[in-house]
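The sequence and the structure come next, and the description follows.

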Amino acid sequence: MTTATATLADVRTVNVPLGSRAYDVLIGPGLVARAGALIGERLGPARCAIVTDRNVASFHLAALEAALGADGRLVGSIVLPPGESTKSFRELEPLCERLLDTGLERGDLVVALGGGVIGDLAGFAAAILRRGVRFVQIPTSLLAQVDSSVGGKTGIDTPQGKNLIGAFHQPGLVLADTDVLGTLPERELRAGYAEVAKYGLLGDAPFFAWLEKNHPSVFALDPGPLTHAVETSVKAKAGIVGRDETEQGERALLNLGHTFGHAFEAWCGYSDRLLHGEAISIGMCIAFRFSAAQGFCDAAAADRVAAHFTAVGLPTRIGDIPGDKPDIEAMMKLMAQDKKVRHGKLTFILARGVGEAFIARDVPPDTVRGFLAGEIGASAGR
């Protein structure tokens, strides 16, 4: 399917059910070129300021500017440096000032064109600008299309950990244009796939089995399988967000692999040494091995998960992280900053099997420490 021949009939719609703040996620080809019309239909004649990064801008900014400029709604574009380090106070302050300079009012829109970094940062800026302006997500990475663009989590990183400063601020619309995934580097596509597989692992065993069989077609960007993978993932997240918007219970399941993974990202300095999806791949494999070690699931389930991620080219062990290996106490300190910590006690998302994740509270720190020692020791011996 090409953009030239794509029609709205090729677009899937997933609603995020949040009452008066409900919104649609549109999934399909050619959405960037139709962004002006689609935003106008759903959100009215608001003015728009685009926030993107240099890498995405080189491929997609001109098309979006044309789409938003056709009816005079575009007030400007802000292009930021690429990379996780952009999600910082250092970039947030000037971004807010530049958005104010465009003259955006509360009824207007910040349009986030990019991956998870841009979506999180621009969404947070929208949340605090004039005490809250509306925004639209146009995610350009697979990871952002299936995960970070949906659900309203916005924020920035700090040295203490990932996403520790932020706000829940739901978008008014998400346009997941599957055509733009063709410009992703292979490593970024694979990293995003980790979040696709997560939805199968946490609550949809048949979907994980489908991915085991069909992942080559997803990576080949075959329109049918690709759209199915994105739509299934978004439906899963939309359902959970609709039931638990601010992560008081069930939504924590979406953090399968993230307690370990976020600690690895912080250890690596939020650098290209370890992409988010790669960290989550390792984190999910560790979560399953930890679950098996605690007797919650059998070792075969953990082996199956690791085998699939290995098959698609994702890392599965601490030893797969380039450079020095993490220090156990440093990892424990970083995990103690996890947002799911309650009364100083660690919370993990563990599993009784593929598709059967659950929330485990009050996991003894010494148990985690001993398990990590084994994981790091095994990696050192490889």
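Cys-297 is buried in this predicted model, with a relative accessible area of 8%. Its sulfur lies 12 Å from the closest cysteine sulfur, that of Cys-285. Because a disulfide needs two cysteine sulfur atoms within 2.5 Å, this separation is too far for a bond. Cys-48 is also buried, at 0% relative accessibility. The closest cysteine sulfur to that of Cys-48 belongs to Cys-96, 18 Å away, which is too far for a bond. By the distance rule, the count of disulfides is zero.

| Cysteine | Closest cysteine sulfur | Sulfur to sulfur distance |
|---|---|---|
| Cys-48 | Cys-96 | 18 Å |
| Cys-297 | Cys-285 | 12 Å |

**Domains and cores**

The domain assignment divides the protein chain into domain 1 (8–183) and domain 2 (187–379). Taken over C-alpha atoms, the centres of domain 1 and domain 2 are 26 Å apart. Domain 1 puts 32 residues into the contact, and domain 2 puts in 33 residues.

Which residues have the most contacts inside the largest nonpolar core? They are Val-25, Leu-142, Tyr-193, Leu-201, Phe-288 and Phe-309, in a core of 54 residues. Helix H6 (residues 186–203) supplies the largest share of this core, eight residues. At least three residues of the core come from each of domain 1 (8–183) and domain 2 (187–379).

Phe-309 shows what surrounds one of these residues. Leaving aside neighbours within four places in sequence, Phe-309 is in contact with Ala-194, Ala-197, Leu-201, Ser-281, Met-284, Cys-285, Leu-314 and Thr-316. In soluble globular proteins, nonpolar side chains tend to be buried together.

**The annotated N-terminal span**

An unreviewed UniProt entry gives residues 78–190 the annotation "domain: 3-dehydroquinate synthase N-terminal". This span is 34% helix and 30% strand, and its end C-alpha atoms lie 28 Å apart.

Under "binding site", the unreviewed UniProt entry lists Gly-116, Val-117, Ile-118, Gly-119, Asp-120, Thr-140, Ser-141, Lys-153 and Lys-162. Among these, Asp-120 has its place in helix H4 (residues 116–128). Is Asp-120 buried or exposed? With a relative accessible area of 8%, Asp-120 is buried. Not counting residues up to four places away in sequence, Asp-120 touches Lys-87, Ser-148, Lys-153, Thr-154, Gly-155 and Asn-163.

Strand S7 covers residues 153–158 and is mostly covered, with five of its six residues buried. S7 pairs with strand S8 (residues 161–168) in the antiparallel sense, over five bridges. A hairpin of two residues joins S7 to S8. In this pairing, Lys-153 stands opposite Phe-168 in S8.

**Helix H9**

How many of the ten residues of helix H9 (residues 258–267) are buried? Nine are, and the helix is mostly covered. The buried residues are His-258, Thr-259, Phe-260, Gly-261, His-262, Ala-263, Phe-264, Glu-265 and Ala-266. Just after H9, Gly-269 takes a positive phi of about 70°.

Terms used
Residues are numbered from 1 along each chain as its sequence is written. This is a predicted model: local features need pLDDT of at least 70, side-chain atom pairs count only at pLDDT 80 or more; totals for chains, interfaces and linings use all residues. Side-chain values use heavy atoms; hydrogens and water are left out. A nonpolar core is a set of buried Ala, Val, Leu, Ile, Met, Phe, Trp, Tyr and Cys residues joined through side-chain atoms within 4.5 Å. Buried means under 20% relative accessible area, exposed over 50%, partly exposed in between (1.4 Å probe, protein chains only). Helices (H or I, at least four residues) and strands (E, at least two) are DSSP runs, numbered from the N terminus. Domain bounds come from an automatic or database domain assignment. Contact means heavy atoms within 4.5 Å. UniProt positions are given in the numbering used here, feature names are shortened, and annotations may be inferred rather than shown by experiment. Two strands pair if DSSP finds at least two bridges between them.
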